[in-house]
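I opened this model to look up a few points and wrote them down as I went.

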Amino acid sequence: MWEQIRSNQTRSAILVVWMGVLLLLLGYFLGLYFFGSGTGGLIFALILWIIMSLIAYFQGDNILLAMSRARKISHDDHPRLYNIVEEMKIASGLETMPSLYIVDDPAMNAFATGRDPQKASITVTSGLLQKLNRDELQGVIGHEMAHIKNRDVLLMAMCSVLLGTIVMLAWYASRFMIFGGMGGTRRSSSSGGGGLGQIIIIIVALVLMILAPLMAQLIYFAISRKREYLADASSALYTRYPDGLASALEKLAASTDQLRSANKATAPMYIVNPFRKQGMAATDLTSTHPPISERIRILRSMAGASFADYTTAYRKVRDTNEVLIPAAELTAAGTVALRAPQKEATEKPGEVQRARETSNLMWNLNKYNTITCDCGTKLRLPPRFRLPEVRCPHCGRINPV
Amino acid sequence: MIAVWIFIGVIVIVIITFVAIYNGLVRSRNQVKNAWAQIDVQLKRRHDLIPNLVETVKGYMKHERGTLEAVTKARTLAQQVASAGPGERGKVEGELSSALNRLLAVAERYPDLKASQNFLALQEELASTENKISFSRQFYNDAVLTYNNQTQMFPSNIIASMAGFKAGEFFEVTVAAEREAPKVSFT
């Protein structure tokens, strides 16, 4: 029952194959249009795709982490967060502990990276640490852990590469067509081929150029949405407490901060879509992610914590008979009872204390030196501070550095 | 001639099935062992945290010697059976859990203690270890369930009994938390 959800994996794989077919078709007809050789275009598209996939496979997580300016942290930097990740690692049965990163951003979000469960990492924003209590944070981390455990990260990375290649090809082709690409057509017409065939090729190439990116995007969204539901279901199973994730999602939905370092390509990696209009709440505008309100309603109406309970709630809320999780998984899971909320989660540490913890963490990560004066004032010295002593601005005492 | 080939074919299929089922059983048994090792790590971690906790708390709670001694005693007992099976350890660790819960409940009445950074850090570690124990228990019990199903269901049960695969034991920690109210002493 803890094995990955295989039949869904194959269904996602079929969708990926469709995207690949779309790319090859696009390459073939663009090749026919520009160079008069379909196979040439096909090979060009294929090579482009392979190169980009290789980069994404070997360097994708580094690029993503660098782009979001994430900082690696250890147990002593933030014991609670580290412990929660370790708890979820144990609950999910993952063998290696993922590395932990933090992004200094008031927006609330989290994402998982890593091509396989042995080399995974989880990144959270400081805003998330500040505003979520222990149970909520556990729900979010459980969701990310599920992405790692179900190998969604690699699947989504490969999908976004495919999407990116299609968009790129279509974009460059359209520029060529507008700015003096017509010569290519004439050249190919001289190398034989009837007038009618030529027109058909042009039309197909044009239609593909416009439709392929759109269709690829639709497929992409279909895949990523399904993975989100599955990750929610797994998180509920790991934590045995779906209300934790639900209340975290409520807080995330209500927040209006926009993540500074996100962009369109990385959007599906996050727990909620970071790419939305400034000042607008992340409720139902999202397309890479299922509507948050729906995710919350499903989680809230779960009677137990098993996959079967999630499926029941999913069908009730969405009013469908869709097979989200294959029957074999459901019967194996049995009944799984919910647990009570953690006592300390509801009371302490309170939001003020969490905010203090998080800002301490960020100061320390930026290598600021903290000195506590006898009057209780905390002095933060930047890493470039070289003087041997410092005067407290509050009480005037001289403190040695 | 054909009959011979069919015979050979049947034998090959039987051998392949046998190997597959046997390997599946071994895999599940290793999964159970692994999961048990996880629990063991967390239980040890809890044992290691307790002396620290008792040291920290002692200075503040002068009048709670009984509660502190109960924790220390439960810990010693738990360490003595550290190599025993899941059933016995579950009972002893349950005692330790309830003794710890009582101590933490009593600690609520000492504002100085609750303000101590050291105590807060210890409390977080203890709460998290407690969580880790229950999460690893979840995982272990699920692994045992899968393994036991394999040893009892047809046709793998035949191979299991032939090769001596014994059913695994579930791990349950019975916490008698609210069985007795913590003694309040005014002196």
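**Entry 1. Chain B as a whole.** I kept in mind throughout that this is a predicted model. Along the sequence the pattern reads α-α-α-α-α-α. I then took the spans of the C-alpha trace along its principal axes, which are about 95 × 30 × 25 Å. Of the 187 residues in chain B, 29% count as buried. I also looked at contacts in chain B with a separation of 6 or more, and 79% of these join residues 24 or more positions apart.

**Entry 2. Where chain B touches chain A.** I counted 12 residues of chain B in contact with 11 residues of chain A. Which helix of chain B gives the most to this side? It is helix 5, residues 117-152, with 11 residues. By residue type, the side of chain B that touches chain A has four nonpolar, five polar and three charged residues.

**Entry 3. A hairpin in chain A.** I went to strand 5 of chain A (residues 369-372) and found it paired with strand 6 of chain A in the antiparallel sense, over four bridges. A:Thr372 stands opposite A:Lys378, which is in strand 6. The hairpin of these two strands has five residues between the strands, and there A:Gly376 takes a positive phi near 95°.

**Entry 4. A:Pro382.** I moved on to the loop between strand 6 (378-381) and strand 7 (389-391) of chain A, where A:Pro382 lies. Is A:Pro382 buried or exposed? I noted it as exposed, because it has 10 C-beta neighbours inside 10 Å, and the cut-off for exposed is 12 or fewer. A:Pro382 and A:Asn366 are 16 residues apart in sequence, and their C-alpha atoms are 8.3 Å apart in space.

**Entry 5. A:Met209.** I found A:Met209 in helix 8 of chain A, residues 195-239. A:Met209 has 20 other C-beta atoms within 10 Å and is therefore buried; the cut-off for buried is 20 or more. Which residues is A:Met209 in contact with, leaving aside its neighbours within four places in sequence? I listed A:Ala170, A:Ala173 and A:Ser174. A:Ala170 is 39 residues from A:Met209 in sequence, and the C-alpha to C-alpha distance between them is 5.0 Å.

Technical notes. Residues numbered from 1 in each chain as written. Chains lettered and ligands numbered in written order. Predicted model: local features only at pLDDT ≥ 70, side-chain atom pairs only at ≥ 80, totals over all residues. Contact = placed C-beta atoms within 7 Å. Nonpolar A, V, L, I, M, F, W, Y, C, P; charged D, E, K, R; others polar. Pairing = 2+ DSSP bridges.
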